[in-house]
Amino acid sequence: MDKELIHQFINNALSEDVGDGDHTSLSTIPADATGKAKLLVKDEGILAGVELAAEIFHVVDPNLKLNVFLQDGAPVKYNDIAFEVEGNSRSILTAERLVLNCMQRMSGIATKTRQIVDLLKGTNTKVLDTRKTTPGLRYLEKWAVRIGGGVNHRFGLYDMILIKDNHVDYAGGIRQAIESANQYLTDSGKKLAIEIEVRNLDELEQVLQTGRVNRILLDNFNFDDLRQAVGIIQGRYITEASGGITIDNIREYADCGVDYISVGALTHSVKSLDLSLKAVK
């Protein structure tokens, strides 16, 4: 966990939510009141965000005490209790919504990721996330993918060169784009992997003739062409498939022999897990 980044996120989120005060709690609960609450699971899936929740409670009030029963990555079912938090009642309520928003979202992503990871068992293919994330929540969403057993692709535009169709078109062609990318790395002194997207077998052949890349993204290939492409590449480059991939066909894509399958739906259209923070009387 990147604590500096996480604390920046927590402080921004609390500022957005609390503003000049949690006036409901301030007006109804004595300042010295203490209590206990439990994180109740009301769904089935994979739990994620427990470590983050602990950090949120600590930022809100360092005196809050957390008793964790289920760790990140644990399978959960209805009526499971992930943890209990105890301390100042106002502090618990101030942290409640941020904890739930983050854990529900992260647990939904981890659950979907684990479902896909299980579907890929027996193959050598791993599932990747994408940059199709919620602005401001990318770190949390990609963290949840790892908890679910998936693999993070590049975090942003700065940690990898990924030459997609628009880059190729603007650059004037595949060879020009690859040569320019390599020249940029030489001139800048940066050490970044280069991946290039191809849309058909002809573009794949152009990449193979040019070389000087680390990974080839095979986008929107049908099964026959994907198997042929993997056979042509023969392990010389890391292979990744994307486009038109769903939970119903992902195993068939994996059986084509690619190293990775990227799935934007892991983060852009996932159902949150139903969790609730309930006072313990």
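Predicted model: local features only at pLDDT ≥ 70, side-chain atom pairs only at ≥ 80, totals over all residues.
**Overall makeup**

- The protein contains eleven helices and twelve strands.
- Its C-alpha atoms fill a box of roughly 75 × 40 × 25 Å, taken along the principal axes.
- Of the 281 residues in the protein, 48% are buried.
- Among contacts in the protein with a separation of 6 or more, 70% come from residues 24 or more positions apart.

**Two annotated spans**

- An unreviewed UniProt entry places the feature "domain: Quinolinate phosphoribosyl transferase N-terminal" at residues 22–107.
- The feature "domain: Quinolinate phosphoribosyl transferase C-terminal" is placed by UniProt (unreviewed entry) at residues 109–278.
- Residues 109–278 are 43% helix and 16% strand, and the end C-alpha atoms of this span lie 23 Å apart.

**Helix α1 against helix α4**

- Two packed helices are described by the angle between their axes and the distance between the axes.
- For α1 (residues 3–18) and α4 (residues 89–119), the angle is about 120° and the axes are 10 Å apart.
- That angle makes α1 oblique to α4.
- The crossing in which α1 passes α4 is right-handed.
- On the α1 side, the contact involves Phe 9, Ile 10, Ala 13, Leu 14, Asp 17 and Val 18, and these meet Thr 94, Arg 97, Leu 98 and Cys 102 in α4.
- Sorted by class, the contact of α1 with α4 has seven nonpolar, one polar and two charged residues.

**Helix α8 and its two partners**

- Helix α7 (residues 174–188) packs with α8 at an angle of about 40°, and their axes are 9 Å apart.
- This makes α7 oblique to α8.
- The crossing of α7 and α8 is right-handed.
- Ile 174, Arg 175 and Ile 178 of α7 make the contact with Glu 203, Gln 206, Val 207, Gln 209 and Thr 210 of α8.
- The contact of α7 with α8 divides into three nonpolar, three polar and two charged residues.
- α8 also packs with α9, here at an angle of about 15° with the axes 11 Å apart.
- α8 and α9 are therefore roughly parallel to each other.
- In a right-handed crossing, α8 passes α9.
- From α8, the residues Leu 201, Leu 204 and Leu 208 meet Asp 225, Gln 228, Ala 229, Ile 232 and Ile 233 in α9.
- By class, the contact of α8 with α9 has six nonpolar, one polar and one charged residues.
- An α-helix has 3.6 residues a turn, so residues three or four places apart point the same way.

**A buried lysine**

- Lys 142 counts as buried because its relative accessible area is 1%, with the cut-off for buried being under 20%.
- Leaving out residues up to four places away in sequence, Lys 142 touches Asp 129, Thr 130, Asn 152, His 153, Arg 154 and Phe 155.
- Lys 142 and Asp 129 are 13 residues apart in sequence, and their C-alpha atoms are 7.1 Å apart in space.

- Most residues other than glycine have a negative phi.
- Arg 212 is not a glycine, yet its phi is positive at about 65°.
- Arg 212 lies in the loop between α8 (201–210) and β9 (215–219).
- The relative accessibility of Arg 212 is 48%, so Arg 212 counts as partly exposed.
- Asn 220 is another residue other than glycine with a positive phi, near 60°.
- Asn 220 is found in the loop between β9 and α9 (223–233).
- At 53% relative accessibility, Asn 220 counts as exposed, because exposed means over 50%.

How values were computed. Residues numbered from 1 in each chain as written. Heavy atoms only, no water. Axes fitted to C-alpha atoms, helices over the stretch in contact; angles between N-to-C directions. Helix = DSSP H or I, 4+ residues; strand = E, 2+ residues; numbered from the N terminus. Parallel < 35°, antiparallel > 145°, perpendicular 65-115°, else oblique. Left-handed = near helix turned anticlockwise from the far one by under 90°. Contact = heavy atoms within 4.5 Å. Nonpolar A, V, L, I, M, F, W, Y, C, P; charged D, E, K, R; others polar. UniProt positions renumbered as here; feature names shortened; annotations may be inferred. Buried < 20%, exposed > 50% of the residue type's maximum accessible area, 1.4 Å probe, protein only.
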